[in-house]
Amino acid sequence: MSKKISTLTSWLFITPSLLIIGTFLLYPLVSSIYLSFTNYNFVYSNKPEFTGFENFKNLFSDSYFIIALRNTFYYTLVFFPLIILFSFLLALLLNSKTKGTGFFQSTILLPIVVPLSLAGVMFTWILAKDFGILNYLLDNILKLPQLTHFWLAEKETALNSLVAVGLWKYVGFCVILFLSGLKSIPGDIYESAKVDGANPLQRLIYITIPNLRSSFLLVAIWSIIQAIKVYDQVVVMTKGGPGDSTLVLYLYAWKNAFVYFDMGYAQTIALFIGALAFIISVIFNLVLKPERK
Amino acid sequence: MQYINKYKIGNISVIIIGVLASLIILSPIIWIIFTSFKSVNEIYSIPLTIWPKKIVFTNYFNIINNLPEFPVYFFNTIKVTLGTILLILPLSAASGYALARRDFYGKGLINSIIIAFIAIPYLVYLVPIYILEDIFKLLDTNLGLILPYVALNLPLAIIIMQSAYRELPGELEEAAYMDGANSFQVWLRVLTPLVITSLAAVTIFTFIAVWEEYMFARTLMIKTSAQTLSVGLPNLKVEAKSWAYGTLSAALTLSLMPTVLVFVVLRKYFIEGLLRGSIKG
């Protein structure tokens, strides 16, 4: 078979995918970068008007953007340590050889097949002020009426409630990530540590955690990026309110595009989020990877 | 003897914490299912009941009688999910094969482009895709969701398939070429049957991603007749106040059934598919 025909055949295999990626990813990416340098109102203007770096300059003097950034950071800073803590502890527990751990694994993982927007509907009902089960439990069963809240309508609790939904949805998935890391630690290390008289806590600190470095890295990056992109449950449960207390970056970008029709500025925010996600994964890789050697 | 005791205590604590964690995770779903079988009066009366006092199916009849949108959402979701999976499987298998087992000009570049796309948040593509679909009249059509979904999930699918094809031994191909098979036959008949588990992994992570996708579905599907469950159901929450959470719980229960059933049956494959899909950005 001649080399030319072989190359042609190879391209036949890959062209359909490239067409789809080109039309729906590459073109939108290029267009997105272009739009971010323009003023483009989808409804009123025919075509984008080039404005240079104006959108980028506006970004940090826009008080709503700062609020969205702050809320997103808050969400991330609560979400990511908690999900690491919960999922790591659960993974340690489920890594034992006790019968039934497979069953627990599945039940904890189940929310991964519940769409986040539908989880939002479920939790809106659970967190409802008057016939919501959470307030009822706190007030009538646990007799702690001071802890009841109008969860989604109070500024202090709304964003935390959204974090809780995110944790519910994703904790099982992170458990799975940790478990696959735990399974790859060779058992004989533990055996020899036992022989040397290391207690369970020492084994955890000196064997398990150092060997799980790459799992921690994966879960950390994954959960931070997930938090930066939080959107579904925000739209369903609070729509950014009360006030602007749950206005997050994704929602603010979406509103700019499809409520204010300011497509150019919306793309600037979107690119900012993209850059943020990229920088975070690079930093984590730099900080955590070299120490593995 | 002491060892056995320790072992038992360990076991019991594992089970206790496991049961507690499972209960906490499952309770919202169980609560919604129980609510769906209560009468409206019972749902809105204090003290709240956990188990329905009297099991009624009013809420389910309500869906049939008063919610013509519900089956529409349901079938749209199934059509879009199936359509995406049916496109993504051959596309990712063909590209994965070419990138793993063939040498050709431009391969390195294509590879790095595909990897780069995995890390980009979906939001970046949304506005340009909206404008594109507006021009090509794809808004409010099933295809208008299927095509972006295929594109968004394709880079990861290609990478999974590529590593699957790369792990296969080279002798198989050589023997098939000796017997006079062409590249297409080698790909489809000889190699692809050996990467079925990876195709299953691609199917599962695509299924999960598409079934729950919210932002694109919400933006590109404006008419009720084109919407999917993840978008349509939350809208019902806003629209209807009178029957509110009774009917809504029944609708939620019905829409969670298919995925939960698939999950329970294919649990092992789910974990595998999720693990391989975990690098998505």
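Me: Let's start with one helix pair. Which residues in α3(B) meet which residues in α13(B)?

Reply: Two residues are in contact if their C-beta atoms, placed from the backbone, lie within 7 Å. Here N59(B), Y60(B), N62(B) and I63(B) in α3(B) meet G246(B), T247(B), S249(B), A250(B) and A251(B) in α13(B). Before you go on: this is a predicted model, where local features need pLDDT of at least 70 and side-chain atom pairs count only at pLDDT 80 or more, while totals for chains, interfaces and linings use all residues. Residues are numbered from 1 along each chain as its sequence is written, with chains lettered from A and ligands numbered from 1 in the order in which they are written.

Me: How many residues of that contact are nonpolar, polar and charged?

Reply: Ala, Val, Leu, Ile, Met, Phe, Trp, Tyr, Cys and Pro count as nonpolar, Asp, Glu, Lys and Arg as charged, and the others, Gly among them, as polar. For α3(B) with α13(B), that gives 4 nonpolar, 5 polar and no charged residues.

Me: And at what angle do α3 and α13 of chain B pack?

Reply: Helices are DSSP runs (H or I, at least four residues), as are strands (E, at least two), numbered from the N terminus. Axes are lines fitted to C-alpha atoms, for helices over the stretch in contact, and angles run from 0 to 180 degrees between N-to-C directions. Helix α3 (residues 58-66) and helix α13 (residues 244-265) of chain B pack at about 80°, their axes 8 Å apart. The two are therefore roughly perpendicular (65 to 115 degrees; under 35 is roughly parallel, over 145 roughly antiparallel, the rest oblique).

Me: How many residues does the whole interface involve?

Reply: 76 residues of chain A are in contact with 68 residues of chain B. On the chain B side, helix α1 (residues 2-36) gives the most, with 13 residues. That side has 52 nonpolar, 12 polar and 4 charged residues.

Me: What share of chain A is buried?

Reply: Count the other C-beta atoms, placed from the backbone, within 10 Å of a residue's own: buried is 20 or more, exposed 12 or fewer, partly exposed in between. In chain A, 42% of the 293 residues are buried. Helix α9(A) is hardly covered, with 0 buried among its 12 residues.

Me: Which loop of chain A holds K239(A), and which holds F261(A)?

Reply: K239(A) lies between α11 (232-237) and α12 (249-258), and F261(A) between α12 and α13 (263-288). K239(A) is not a glycine, yet has a positive phi of about 55°. F261(A) also has a positive phi, near 55°. K239(A) is partly exposed, with 14 other C-beta atoms within 10 Å, and F261(A) counts as partly exposed with 14 too.
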